[in-house]
There are 2 protein chains.
Amino acid sequence: METVSVNKAFGGTQGVYSHHSQTTRCEMTFGLFLPEEANDGPVPVLWYLSGLTCTHENAMNKAGAQAWAAEQGIAVVFPDTSPRGDGVANDDAYDLGQGAGFYVNATQAPWARHFNMWDYIAEDLPSLLQENFALDMSRQAITGHSMGGHGALTLAMSLPGRFRSVSAFAPICNPTGAEWGRKQLSAYLGDDETKWAAHDSSLLMRARGFDGAVLVDQGSEDQFLDLLRPEALANAATERRQEITLRMQKGYDHSYFFVSTFMEDHVSFHAQHLYA
Amino acid sequence: METVSVNKAFGGTQGVYSHHSQTTRCEMTFGLFLPEEANDGPVPVLWYLSGLTCTHENAMNKAGAQAWAAEQGIAVVFPDTSPRGDGVANDDAYDLGQGAGFYVNATQAPWARHFNMWDYIAEDLPSLLQENFALDMSRQAITGHSMGGHGALTLAMSLPGRFRSVSAFAPICNPTGAEWGRKQLSAYLGDDETKWAAHDSSLLMRARGFDGAVLVDQGSEDQFLDLLRPEALANAATERRQEITLRMQKGYDHSYFFVSTFMEDHVSFHAQHLYA
């Protein structure tokens with residue numbers, strides 16, 4: 001692992017690190033905010049998964065999470081959204097290939113060799129973090145925005161016991177039923193739609209739910225509402241009697257201004273469960 | 001004036017607007033955060049002047065001011081740092097020309113025609129804001145980062161009665177005595193150094209001071225400390241018995257992580273004086 005940069009922030013440190021990943025078979029970069037308390041011993045961890053086109057950097061600079069994480073003594077990890085580099089497959093579209101990993105393990109050419117973001121987030125990066133930083137991996141929570149909200153919800157439901165709480169900002173809720181999803185799942189996983197269900201949080205909610213609390217914020221003026229399909233998740237969660245708070249926030253769009261506005265609530269929500 | 005974008009943020013709106021300026025003789029873009037309270041009537045205004053290489057956008061996205069401004073019911077204006085465009089003079093260096101207006105009215109070729117950022121911030125933009133938004137121009141405060149901290153301090157001291165309070169993050173404190181300053185003042189104002197004194201906050205502090213409270217934060221690990229010369233301002237302010245809080249913040253550098261860490265303190269400081 002190499003240290004790319006470290007900036008003091010909110011009494012702790014905002015670091016950027018790179019490492020060779022065995023799962024994505026390329027150099028990966030991530031951001032990690034460590035609160036001051038990490039100097040004294042392991043601290044809880046909040047994962048923030050980003051959306052389409054983002055790197056590790058966007059949320060780290062624009063989501064405002066560090067202020068609240070510092071207040072709560074929680075670390076925040078900002079992974080990249082895909083493998084990257086000259087040797088890595090790509091597509092001209094903004095929503096496929098590099099910057100658009102969709103948090104799945106691809107099985108189809110040309111993606112299968114590098115696009116294993118599920119394993120990267122679920123296995124590879126947690127091991128690296130545990131080895132190198134003062135993090136209490138028994139106290140983890142996860143959140144994300146848009147494609148990253150999809151990743152947070154599907155990972156949380158599929159890895160029972162891993163995350164104490166899950167939240168999402170304007171998540172892609174039903175990718176098997178919308179173009180943000182069908183396009184990528186078809187490209188990465190092939191045309192057999194039975195393989196897609198494991199990556200659809202509305203279907204997972206119906207099939208198994210989450211053993212813990214869920215918080216989802218959605219802007220009413222989100223320009224991508226038709227692609228996100230929050231109604232599918234709301235329907236599934238309600239039918240299941242899932243412990244959940246779904247909030248339709250009047251007037252907000254899909255931008256980081258929406259994310260940063262509600263970040264304090266999300267960090268507080270996770271802190272409540274991480275310290276329960 | 002044209003509306004470039006409006007995003008709901010922290011209960012208010014983060015807008016971006018453009019207009020033709022009579023003083024810089026080109027199209028100028030600025031950001032304006034309006035808190036929810038602006039729906040009910042004029043609100044106080046905090047100016048945020050940015051540093052070298054920045055546009056109106058950097059601080060708007062990365063400084064985290066809106067969260068605290070919303071809490072205090074204060075508007076924040078984010079002007080650009082120079083005139084811009086194909087017809088505007090420029091230089092290959094990052095610290096001269098476009099993105100580096102230094103908040104002066106240039107008198108020298110090729111800068112004199114467009115580089116009138118002092119008048120733009122002091123006259124042109126305030127008029128436009130007053131005409132178009134619910135702002136209480138009798139309650140203004142000003143802050144800034146680096147070159148923008150220089151601008152905030154020099155404007156506040158040179159326009160008595162305009163600003164109730166002034167603060168700065170890692171300001172260029174003594175531009176007549178360092179390469180961040182001598183290079184630009186010479187280019188924009190010519191070689192007669194007596195013309196430079198009006199744009200040096202340490203010299204202004206010695207000559208007239210500020211009739212109100214001043215807050216300055218500086219990171220102890222700032223990579224540009226030699227260029228900023230906070231010791232010159234500290235010396236002048238102390239000799240003058242200026243009401244001031246100067247804080248050397250251990251371990252912080254020159255980045256937006258430093259700015260965002262202390263933004264809450266600065267907005268609270270200004271709110272205290274704007275609502276006094």
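Student: How many salt bridges are there between chain B and chain A?

Tutor: The count is zero. Keep in mind that this is a predicted model. A salt bridge needs a side-chain nitrogen of Lys or Arg within 4 Å of a carboxyl oxygen of Asp or Glu. Between chain B and chain A the count of such pairs is zero.

Student: What polar contacts does the rule find across the interface of chain B and chain A?

Tutor: Eight residue pairs are in polar contact there, both partners at pLDDT 80 or more. The cut-off for such a pair of N or O atoms is 3.5 Å.

Student: Which elements of chain B give two or more residues to the side that touches chain A?

Tutor: They are strand 1 (2–9), helix 1 (57–62), helix 2 (65–72) and helix 9 (256–274) of chain B. The residues on that side divide into eight nonpolar, nine polar and four charged.

Student: How much area do chain B and chain A bury between them?

Tutor: About 1,700 Å², with 59% of it on carbon and sulfur atoms. In chain B, the residues that lose the most area to chain A are Lys8(B), Phe10(B) and Phe257(B). Together they make up 38% of what that side buries. The contact takes 21 residues from chain B and 21 residues from chain A.

Student: What makes Asp95(A) and Lys183(A) a salt bridge?

Tutor: Their closest N and O atoms are 2.6 Å apart. The limit is 4 Å, so the pair qualifies. The two partners sit in distant parts of the chain, 88 residues apart. Asp95(A) is in the loop between strand 5 (75–79) and helix 3 (117–132) of chain A, and Lys183(A) is in helix 5 (residues 179–189) of chain A.

Student: Is Asp95(A) buried or exposed?

Tutor: Buried, because its relative accessibility is 7% and the cut-off is under 20%. Lys183(A) has a relative accessible area of 31% and is partly exposed. That label covers values between the 20% and 50% limits.

Student: Why do Asp136(A) and Arg139(A) count as buried?

Tutor: Asp136(A) is at 19% relative accessibility. Arg139(A) is at 19% too. Buried means under 20%, so both labels hold. The side chains of Asp136(A) and Arg139(A) meet in a salt bridge, 2.7 Å from N to O.

Student: What distance lies behind the salt bridge of Arg247(A) with Asp265(A)?

Tutor: The closest N and O atoms are 2.8 Å apart. Arg247(A) lies in strand 9 (residues 244–249) of chain A and Asp265(A) in helix 9 (residues 256–274) of chain A, so the bridge ties together parts 18 residues apart in sequence. Arg247(A) is partly exposed at 26%. Asp265(A) is also partly exposed, at 33% relative accessibility. Salt bridges that share partners join Asp217(A), Arg247(A) and Asp265(A) into one network. Over all chains, the count comes to 18 salt bridges.

Student: Which residues does UniProt list under "active site"?

Tutor: The unreviewed UniProt entry lists Ser146(A), Asp222(A) and His254(A). They span 109 residues in sequence, yet no two of their C-alpha atoms are more than 10.7 Å apart, so they gather at one spot.

Student: Where is Ser146(A), and how do you know whether it is buried or exposed?

Tutor: Ser146(A) is in the loop between strand 6 (135–144) and helix 4 (147–158) of chain A. Its relative accessible area is 4%, and under 20% means buried. Beyond four places in sequence, its contacts include Gly51(A), Trp180(A), Leu228(A) and His254(A).

Student: What about Asp222(A): buried or exposed?

Tutor: Buried, with a relative accessible area of 6%. Asp222(A) is found in the loop between strand 8 (213–219) and helix 7 (225–228) of chain A. Leaving out residues up to four places away, Asp222(A) touches Ala170(A), Leu228(A), Tyr252(A), Asp253(A) and His254(A).

Note on methods:
Residues numbered from 1 in each chain as written. Chains lettered and ligands numbered in written order. Predicted model: local features only at pLDDT ≥ 70, side-chain atom pairs only at ≥ 80, totals over all residues. Heavy atoms only, no water. UniProt positions renumbered as here; feature names shortened; annotations may be inferred. Helix = DSSP H or I, 4+ residues; strand = E, 2+ residues; numbered from the N terminus. Buried < 20%, exposed > 50% of the residue type's maximum accessible area, 1.4 Å probe, protein only. Contact = heavy atoms within 4.5 Å. Buried area = accessible area lost by both parts, 1.4 Å probe. Polar contact = N/O pair within 3.5 Å; in protein donor to acceptor, adjacent residues only side chain to side chain. Nonpolar A, V, L, I, M, F, W, Y, C, P; charged D, E, K, R; others polar.
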